Amino acid sequence: MHRLPSLRRLLILAAAMLPVATAWAADLASQPQPQAQTGARVIQRGGAAAAGVAPSSFGGNAGASGTPGAALSRIKDLASVEGVRSNQILGYGIVVGLNGTGDTLNNAPFTKQSLQAMLERLGVNTRGANMRTANVAAVMVTANLPPFATQGTRLDVTVSALGDAKSLQGGTLLATPLLGADGEVYAVSQGPVAIAGFSAEADAAKITRGVPTVGRIANGGLVEREIDFALNKLKTLRLSLRNPDLTTARRIAAAINDFIGGDSAEPTDPSTIVLQIPPRFQGNMIRLLTDIEQLRVEPDQTARVVIDERSGIIVMGRDVRVSTVAVAQGNLTVTISEEPQVSQPEGFSDGRTVVVPRSTVKVDTEGRNKLALVKESVTLRELVDGLNALGIGPRDLISILQAIKTAGALQADIEVM
């Protein structure tokens, strides 16, 4: 009983402190909160967060992302920087060391001339000699010179037979200069040729797998001349869309402007976006490009149906729509069967045995097929389900899609490969 006074005093003290605590909490809530650092907006790159761009660039506004929740793609995968590109180079060379599978010199005069010219440069005179070697083949050497390739960079080259050589297996490419479209030498290639196919034959059989007349030399090219392109000195940057589209170009420009601020990016046509380099990125183009190429937008595309009549392949885009239409499909099948019979004459008669033809012709018009209703579709799945309900194969579906397009019920472009 002696503890009750202490408990009563504690309750009285807590009741007295309650108004003070309430006033202190209200005063704390009224004070301004610390502001975040200016410009430290958040950009989402492949699921990770980094400083750089506002979240509105990735789905918060319709201008950058289009439909909320749709699949977004990086600008890096949608567009390329104008000027940052590969260049094709090629050259004419000779492969030696073949095991009798090279060019026939009588049938390939260019191989004979090349062999004679090469030997003369090495101090061997073969003019007028009867050369019958089958271990040499004339080839074309091709490669792609990557952007910003410096002297000494190694390239992969492809070697293709030019004459009537049967195989390049075991051959070695001699030093071959690789020229660009301007006629200048940009690389030199040499080395052993590796092929993926082979060929073997005997007197009555022959086996060929792959293409033995095309080979590859890994790191067989050596860059000798650089292509000048001062990326850091550009004042204006141009982005080229791989699939030109007005909506996609506008969304990319909006995403870049949200990141940089202002109106630095502007689409000039469905495939080009012009970007004025901000002063803070002058001389540091790599930093700007690495940030821009990670921005994500939703690409748009034209409703299109791609048809390959040779293989029966049909590819439909997501935005393909069809209006309600009735379709009937039927084939006329004509079956002809031959059952020849033998006419045997009676005994001791002057007749002779003959074969009498007997043909049966059957015509099937497939009268069981009726009109099928393909309802108006909103999604691609509904369209596919409606076409599959017709119970036909891809070959007949190609003709039906073209007929629906002619009737004006297919809201898409048909492209035949």
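Modeller: Two strands are taken to pair if DSSP finds at least two bridges between them. The model is predicted: local features need pLDDT of at least 70, side-chain atom pairs count only at pLDDT 80 or more, and totals for chains, interfaces and linings use all residues. Residues are numbered from 1 along each chain as its sequence is written, and side-chain values use heavy atoms, leaving out hydrogens and water.

Colleague: Why are strands 19 and 28 said to stand at the edges?

Modeller: The open sheet has 3 strands in the order 19-18-28, with mixed pairing. Strand 19 (313–316) and strand 28 (413–416) each have a single partner strand, so one side of each lacks a neighbour in the sheet.

Colleague: Why is L380 called partly exposed?

Modeller: Its relative accessible area is 26%, which falls between buried (under 20%) and exposed (over 50%), with a 1.4 Å probe and protein chains only. Y92, in strand 5 (residues 87–96), is partly exposed too, at 34%.

Colleague: Which residues does L380 touch?

Modeller: L380, in helix 7 (residues 380–388), touches M316, G317, R318 and R321, not counting residues up to four places away in sequence; contact means heavy atoms within 4.5 Å. L380 and V320 lie 60 residues apart in sequence, with their C-alpha atoms 6.6 Å apart.

Conventions
Helices (H or I, at least four residues) and strands (E, at least two) are DSSP runs, numbered from the N terminus.
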